[in-house]
Amino acid sequence: MEITGLGWLGTRTDRAEALAGFYRTVLGLRETYTEPGFWVFTLPDGRNVEVFGAGSNKDFFDTGPVAGFAVRDLPAAVEELRAAGIEVIGEPGESWQHFRGPDGNIYALVADVR
């Protein structure tokens, strides 16, 4: 598996509005999508940082932050996880796959589309 960088970062927090405001006004990140309890900020390289609050229906993890590792070949990397006995969570998304690491935390693989 070839990891090319950090492909995604998500944080679930009970202070989501404050964190989203910090990303927007202090860090100057570009907000590209929002819905109740959920914000997406796109970095200059096209990768996303997401904030999950209490109103979010995105419930695949309950701790945070969660890192997504960028890979060149997502289907092959997912097969490598399975072959290594790693728990793959749910069905793959269009460009990501969540999994549980040996430490019990949730991580993701993200297709490197750059």
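User: In which sense do strand 5 (residues 66-71) and strand 8 (residues 106-111) pair?

Analyst: Good place to start! Residues are numbered from 1 along each chain as its sequence is written, and side-chain values use heavy atoms, with hydrogens and water left out. The model is predicted: local features need pLDDT of at least 70 and side-chain atom pairs count only at pLDDT 80 or more, while totals for chains, interfaces and linings use all residues. Strands (E, at least two residues) and helices (H or I, at least four) are DSSP runs numbered from the N terminus, strands pair if DSSP finds at least two bridges between them, and here four bridges give a pairing that is parallel.

User: Which residue of strand 8 is the bridge partner of Ala-70?

Analyst: Val-71 gives a handy landmark, standing opposite Ala-111 in strand 8. For Ala-70, the partner in strand 8 is Val-110.

User: Which residue takes a positive phi in the hairpin of strand 7 and strand 8?

Analyst: Strand 7 (residues 96-100) runs antiparallel to strand 8, joined by five bridges, and Phe-99 stands opposite Tyr-107 there. The hairpin has five residues between the strands, and the positive phi, near 90°, belongs to Gly-104.

User: Which strands stand at the edges of the sheet?

Analyst: The sheet is open, with eight strands in the order 2-3-4-1-5-8-7-6 and mixed pairing. An edge strand has a single partner, so one of its sides is left without a neighbour in the sheet; that applies to strand 2 (30-35) and strand 6 (87-89).

User: Are the rings of Tyr-23 and Phe-41 stacked or edge-to-face?

Analyst: Rings of Phe, Tyr and Trp (its six-membered ring) pair if their centres lie within 6.5 Å, and planes under 30 degrees apart count as stacked, over 60 as edge-to-face and the rest as tilted. By this rule there are seven aromatic pairs. For Tyr-23 and Phe-41 the centres are 5.6 Å apart and the planes stand at 90°, so the pair is edge-to-face.

User: How many salt bridges does a search of the whole structure find?

Analyst: A salt bridge is a side-chain nitrogen of Lys or Arg within 4 Å of a carboxyl oxygen of Asp or Glu. One of them joins Glu-79 and Arg-82 (3.0 Å, N to O), which both lie in helix 2, three residues apart. Another links Arg-72 and Glu-2 (3.1 Å, N to O). The search total is five.

User: Which residue forms a salt bridge with Asp-112?

Analyst: Asp-112 sits in the segment after strand 8, and its partner, 65 residues away, is in the loop between strand 3 and strand 4 (48-52). Both residues are buried. The N to O distance is 3.2 Å, and the partner is Arg-47.

Methods: Buried < 20%, exposed > 50% of the residue type's maximum accessible area, 1.4 Å probe, protein only.
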